[in-house]
Amino acid sequence: MTLLEDAPPKPLPLPRTPETLDEELRRMLPNGALDLPVPGRGALRQRWRALAGFGRRDLALGRLAEGHTDAIAILAEAGLAAEPLALYGVWASKSSGTGSELHNGRLSGVTRFCSGLTTLDRALVAAGDQLVEVDLSARGVRRHPGAWQSLGMDASDSGDVVFEDVPVLREVGPPGWYVARRGFVLGGTGVAAVWLGGAAGVVDSVCVSLRGKADEHQLAHLGALHVALRGSEELLTATASAIERAADPGSQNDTCRASVERTAREVVDLAPRITGPGPLCRDRRFAQQVADLQVFIRQHHGERDLAALGRAVLAEGRA
């Protein structure tokens, strides 16, 4: 089973907004479309295939769907049940020294990069080294969507949240468990599957724009993108089974993320060179796809993550 289906999925209708994405997710939720296999139980390839499909359809949709399914998997790993038909997210950023803290069962502080800011029902929030579940309708949850200024991923409904003495529903695992658990690594590669789907979505649009009028230079660039996509796809596919069997996944997660990030950067670079300025200026969907991909892959920290990977390769003594 490959991660990218042969036929592109049906795109979301335009205009795409946080409200239309919320409507789509709430349609998908009771239909079981967001019920993915839990990582570490032998069906990781099927999980990543679904995540890639979400991202290929729309990256902002993929971001929110991945956050929900990650939260459900985290709760399952902790032996906890999710609230039925609630949309979840995982808000764990500690960007630029921000972050929330837990005191006597109540949450306070600032958490950045919270996707699904105004639409989600519940979130798993990193409070220092403790993960907690929060009802987002609780008093004291202050949302700041204006903090997100980028056109890329604008419909992911991201921004800052200020928690002001908010009671938590429950603690999820003991202190330090969230990042130490095995599912943290598997979840990180799941995000890369969404990136891969987003990159494939851009190439889908490139192919539509080229029908019947491609020159040799455009075809050469398209061939290069095909090779890059298939290379990252095959790496993820081969890794899915191996990473679940391994007692220590080592650098496999970081290798997959770096491969997909590099492929996505190649797509962001070559796709507009193939199409020229027309689709970027006159095709809202294509322009949005490129902008979304450019923003979303920056969850990968570039040379810093590559340096960590190189350090791991050196320690393991083999490439």
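Leaving out neighbours up to four places away in sequence, Ser95 is in contact with Arg112 and Phe113 (contact means heavy atoms within 4.5 Å). Keep in mind that this is a predicted model, where local features need pLDDT of at least 70, side-chain atom pairs count only at pLDDT 80 or more, and totals for chains, interfaces and linings use all residues. Residues are numbered from 1 along each chain as its sequence is written, and side-chain values use heavy atoms, with hydrogens and water left out.

- Ser95 sits in the loop between β1 (88-91) and β2 (99-103); helices (H or I, at least four residues) and strands (E, at least two) are DSSP runs, numbered from the N terminus.
- With 19% relative accessibility, Ser95 counts as buried (buried is under 20% relative accessible area, exposed over 50%, partly exposed in between, using a 1.4 Å probe and protein chains only).
- Phe113 comes out at 46% relative accessibility, so Phe113 counts as partly exposed.

**Aromatic rings**

- Searching the whole structure turns up three aromatic pairs; rings of Phe, Tyr and Trp (its six-membered ring) pair if their centres lie within 6.5 Å, and planes under 30 degrees apart count as stacked, over 60 as edge-to-face and the rest as tilted.
- One of them joins Phe113 and Trp148, with ring centres 6.2 Å apart and planes at 90°, so this pair is edge-to-face.
- That pair links distant parts of the chain, 35 residues apart: Phe113 belongs to strand β3 (residues 106-114), while Trp148 is in the loop between β6 (141-144) and β7 (159-167).
- Tyr178 and Phe184 also make an edge-to-face pair, 5.4 Å centre to centre with 80° between the planes.
- In that pair, Tyr178 is buried at 14% relative accessibility, whereas Phe184 is partly exposed at 35%.
- Arg181 has its charged end over the ring of Trp177, 5.5 Å from the ring centre (a charge sits over a ring if NZ of Lys or CZ of Arg is within 6 Å of the ring centre and within 35 degrees of the ring normal).

**Nonpolar cores**

- The largest nonpolar core has 70 residues, and those with the most contacts inside it are Trp48, Trp91, Leu107, Val134, Phe163 and Leu293; a nonpolar core is a set of buried Ala, Val, Leu, Ile, Met, Phe, Trp, Tyr and Cys residues joined through side-chain atoms within 4.5 Å.
- Helix α5 (residues 182-210) supplies the largest share of this core, 13 residues.
- A second, separate core has 11 residues, including Ala71, Ala86, Tyr88 and Leu124.
- Beyond four places in sequence, Leu107 touches a list of residues including Leu102, Val125, Val134 and Phe163.

- Ser232 is in helix α6 (residues 216-245) and, at 2% relative accessibility, counts as buried.
- Setting aside neighbours within four places in sequence, Ser232 contacts Leu196, Ser259, Val260 and Thr263.
- Ser232 and Ala264 are 32 residues apart in sequence, and their C-alpha atoms are 9.7 Å apart in space.
- Ala307 is part of helix α10 (residues 303-316) and is partly exposed, with a relative accessible area of 39%.
- From C-alpha to C-alpha, Ala307 and Ser232 are separated by 20 Å, at 75 residues apart along the chain.
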